[in-house]
Amino acid sequence: MSAPHEAKTRTTAVVLAGGTGQRVGLAIPKQLLKIAGKAVIEHTLTIFEQADCVDDVIVLMAPGFVPDVEKIIAKAGLTKVTRVIEGGATRNETTERAIRALGEGLGEGEDLNVLFHDAVRPLLSQRVIKDCVDALDRYHAVDVAIPSADTIIVTRTHGEDGEFITDVPDRSRLRRGQTPQAFKLSTIRRAYEIAAGDPNFQATDDCSVVLRYLPDVPIYVVAGDEYNMKVTQPVDVFIADKLFQLASTAAPRQADEAAYRELLSGRTLVVFGGSYGIGADIAALAERYGATVYALGRSTTGTHVENPAHVEEALATAYAESGRIDYVINTAGVLRIGKLAETDTATIQEALNVNYLAPVQIARASHKYLVETKGQLLLYTSSSYTRGRAEYSLYSSTKAAMVNLTQALADEWAGEGIRVNCVNPERTATPMRTKAFGQEPAGSLLSSEAVARTSLDVLLSELTGHVIDVRQQDPTRGASEASGFEQALASVLDRQEDV
């Protein structure tokens with residue numbers, strides 16, 4: 001006779017958002033500050049929303065700002081968040097309120113896995129979450145930490161003379177603590193019950209409470225990530241925003257050809273820049289899967305994207321004939337190489353009209369159609385968007401604008417259900433590139449077909465506000481999410497050579 005199946009312990013993430021924005025110089029809590037188009041706390045909550053091993057989420061919010069978070073949750077459709085509770089005056093008081101809330105409704109002898117996470121750590125990886133939950137199968141307390149790259153010194157202040165070193169601990173044994181910190185609810189609750197009897201009780205994190213008041217309970221350490229940073233100082237806001245901008249996001253691929261056909265059959269795509277290259281490949285691929293496609297281009301349909309009347313006419317025609325527009329894609333662009341001081345006014349105007357004003361007009365004209373279908377606008381940037389280089393000033397700057405336009409519109413249109421994303425291919429074999437650079441070594445360029453396939457995956461995903469890197473050797477495909485920070489760093493280094 002087989003043994004009875006043991007019920008899985010429920011896992012709740014507690015997002016601690018009780019801090020203020022004083023150190024960042026804000027009048028609002030720092031967790032409400034927008035980074036990469038969304039409030040910091042929305043990024044954090046979305047991570048737990050997507051975590052398969054997390055069943056539900058509660059939020060402890062700074063006093064007076066609970067309604068703000070509730071609006072963010074409703075707008076983003078975060079279904080795992082079950083409660084938003086006002087936090088306390090201190091970190092310890094906030095945790096105690098969370099413990100009380102978590103204990104409500106639990107039966108006799110029933111326990112719970114609890115992950116306490118700082119709301120202002122919006123770059124937490126799924127790998128760390130899973131490692132913490134897995135560790136709770138063996139241990140009752142779990143911390144997350146990374147080695148210290150810096151030498152740590154111990155100092156003492158001598159009056160007005162300043163600080164002096166008193167000790168230099170062995171760095172090999174030192175770690176920098178992060179969150180989440182994970183516990184069995186019974187363990188962290190018992191630690192706080194004992195701590196309540198100590199008149200001098202004060203702690204800045206929850207593992208230290210267990211360490212001090214339940215010394216016999218081992219605290220296991222899960223390896224953290226360098227990029228799981230805490231947004232605390234003004235410079236952190238800038239760094240976090242850049243990490244979001246640089247980190248690759250993989251669009252999930254469909255299971256098989258039949259899945260693509262099921263999702264695209266009956267859908268309408270309008271592709272600007274569809275005469276050749278990436279745009280033509282997207283059109284051909286989508287048509288193969290049963291979509292109705294309007295591939296528009298200067299050399300084929302006489303459509304000039306820089307002409308607002310042409311854009312509006314193309315969209316109106318597609319809508320009149322098919323009755324809907326689900327996806328609008330713009331791959332049109334011009335690449336003119338040369339020093340800005342030596343570039344004539346007509347060339348400058350062309351670059352601005354085609355690479356910047358045209359996507360803006362396409363976005364504006366597409367809005368009313370995409371509202372009806374809850375569709376998606378897909379734009380394209382270049383690997384040079386993170387660092388403008390000599391003789392590419394017009395191209396690089398307009399492509400950087402596409403990233404900002406994507407993030408802004410994704411936020412602006414989120415409430416209407418429209419998704420906006422931006423694909424960032426590395427150097428790709430297209431007629432535009434060949435015209436600018438001539439023939440390049442075989443195998444050194446990404447194929448336009450590969451970019452088209454990823455573009456289709458993005459269109460069929462729930463992503464919005466993302467910059468999706470497409471690379472010849474994409475580390476996000478089929479890999480465990482080991483190092484988003486390393487991916488971002490690799491992207492930066494590669495882009496020193498890319499256009």
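In this predicted model, helix α3, which spans residues 91-103, packs against helix α5, formed by residues 185-195, at an angle of about 135° and with the two axes 11 Å apart. The crossing in which α3 passes α5 is left-handed. On the side of α3, the contact is made by Asn-92, Thr-95, Glu-96, Ile-99, Leu-102 and Gly-103, and these residues meet Leu-185, Ile-188, Arg-189 and Tyr-192 of α5. By residue class, the contact between α3 and α5 comprises 5 nonpolar, 3 polar and 2 charged residues.

Aromatic rings were examined next, with two rings taken as a pair if their centres lie within 6.5 Å; by this rule, the model contains 6 aromatic pairs. In one of these, the ring centres of Tyr-139 and Tyr-220 are 4.9 Å apart and the ring planes lie at 5°, so the pair is classed as stacked, the cut-off for that class being planes under 30 degrees apart. The pair joins distant parts of the chain, since Tyr-139 is located in the loop between α4 (126-135) and β7 (141-147), whereas Tyr-220 belongs to strand β11 (residues 220-223), with 81 residues separating the two positions. Tyr-139 has a relative accessible area of 21% and is therefore partly exposed, and Tyr-220, with a relative accessibility of 37%, likewise counts as partly exposed.

Tyr-192, one of the α5 residues in the contact with α3, also takes part in an aromatic cluster together with Phe-201 and Tyr-213.

Key. Residues numbered from 1 in each chain as written. Predicted model: local features only at pLDDT ≥ 70, side-chain atom pairs only at ≥ 80, totals over all residues. Heavy atoms only, no water. Axes fitted to C-alpha atoms, helices over the stretch in contact; angles between N-to-C directions. Helix = DSSP H or I, 4+ residues; strand = E, 2+ residues; numbered from the N terminus. Left-handed = near helix turned anticlockwise from the far one by under 90°. Contact = heavy atoms within 4.5 Å. Nonpolar A, V, L, I, M, F, W, Y, C, P; charged D, E, K, R; others polar. Phe/Tyr/Trp six-rings, centres within 6.5 Å; stacked < 30°, edge-to-face > 60°. Buried < 20%, exposed > 50% of the residue type's maximum accessible area, 1.4 Å probe, protein only.
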